[in-house]
Amino acid sequence: MNGQVYKTHYDGETGSLTVSGIRDFLLSQTLECGQCFHFVKAGEEEYYISAMGRCLHIKQTGDELTFFNTTKEEYGSVWEDYFDLARDYGAIKEALLEKDDALRPAIEAMWGVRILNQDFFETLISFIISQNQQIPRIKRIVAVISCNYGDALDNDMYSFPDAERILAAGVDGIRGCKAGFRSPYIIDACEKYMAGAVDRDKLMAADYAGCVESLKQIKGVGDKVANCVALFSLGKRNAFPVDVWIKRIMESIYFGEETAISAIQALAEDKYGEYGGYAQQYLFYFAKTNEIGKNTRKKEK
């Protein structure tokens, strides 16, 4: 669903590009909702982001986004797609609410979330790191790996290293970045990536189920991580990752009792269909922000 209408203006003197007329987008919600980890908050709706081998300084004021260190060419070739700005999220919200009005509280609260189109390799490694971790710790590990093995960018940011550099660091090097038990999983992912066993283009071309199964051949990658990678970097917008927060809110809305993950995913596929990934992000951020179900029963393993 494309159709977002906005205007761009490039200021050659300051080297900044302004995008005005943005709808259904809030920078903080999009970055802080748990889909990416390589950024630093600089102020109110202002961030430094390391992505696509670049450091972006970006700020939002109302319906206006300012890209401080971006050319027109870079915006058109990198950032418009990265932030999914050309897509009509208003139409997506309408379609979801037609499917199920029970989504309304989450959509209205988290109205500014968009799904980023991230680099596949960095997303894969980041979500392997994310297992059994809180977001601040995931961010720290990603930052340390980047600082130790990536390239220096502007504003004390570093690029995420490629697979070759991570393999050169080895399990001990990655473990030294506090990745813990995930370190050998990261090395295995890099080995399979370098060997072509995990190939971005093939995964993009595969259907959703085939994509998830291919990702699960990596040691330590299960349904949740595979679905996150499929959703946030491989264009599978019907992917529906289920973690603790999604499990709690889905049980709260639809089941009223503890429910198997397979049943939750089946219901999501039936109710949301091709829009499952959008529904997941609204629900996840809403549940986490409001700590839905946190104290109602024992913590899930």
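1. Ground rules first. Residues are numbered from 1 along each chain as its sequence is written, and side-chain values use heavy atoms, with hydrogens and water left out. As this is a predicted model, local features need pLDDT of at least 70 and side-chain atom pairs count only at pLDDT 80 or more, while totals for chains, interfaces and linings use all residues.

2. Start with the open sheet: its six strands run in the order S1-S2-S6-S5-S4-S3, with antiparallel pairing. (Strands are DSSP runs of E, at least two residues, and helices are runs of H or I, at least four, numbered from the N terminus; two strands pair if DSSP finds at least two bridges between them.) S1 (7-11) and S3 (39-43) are at the edges with a single partner strand each, so one side of each has no neighbour in the sheet. From one strand to the next, the twist averages 20 degrees.

3. Now look at S4 (residues 46-51) and S5 (residues 54-61), an antiparallel pair joined over six bridges. Here serine 50 sits opposite cysteine 55 of S5. Helix H2 (residues 72-82) packs on the sheet, touching S1, S2 (16-20), S4, S5 and S6 (64-67), and its direction makes about 75 degrees with that of S5. (Contact means heavy atoms within 4.5 Å; axes are lines fitted to C-alpha atoms, for helices over the stretch in contact, and angles run from 0 to 180 degrees between N-to-C directions.)

4. Is glutamine 60 buried or exposed? This residue of strand S5 is buried, with a relative accessible area of 6% (buried means under 20%, exposed over 50%, partly exposed in between, with a 1.4 Å probe and protein chains only). Its side chain reaches the backbone oxygen of phenylalanine 25 at 3.0 Å, and a polar atom of that side chain lies 2.7 Å from the backbone nitrogen of leucine 27. Leaving aside neighbours within four places in sequence, glutamine 60 also has Glu45 and Leu65 among its contacts.

5. Points are joined across faces, edges and corners, and a volume is the space filled by probe spheres set on them.) Helix H10 gives the most to the lining of the second largest pocket, with four residues.

Definitions and conventions:
Polar contact = N/O pair within 3.5 Å; in protein donor to acceptor, adjacent residues only side chain to side chain.
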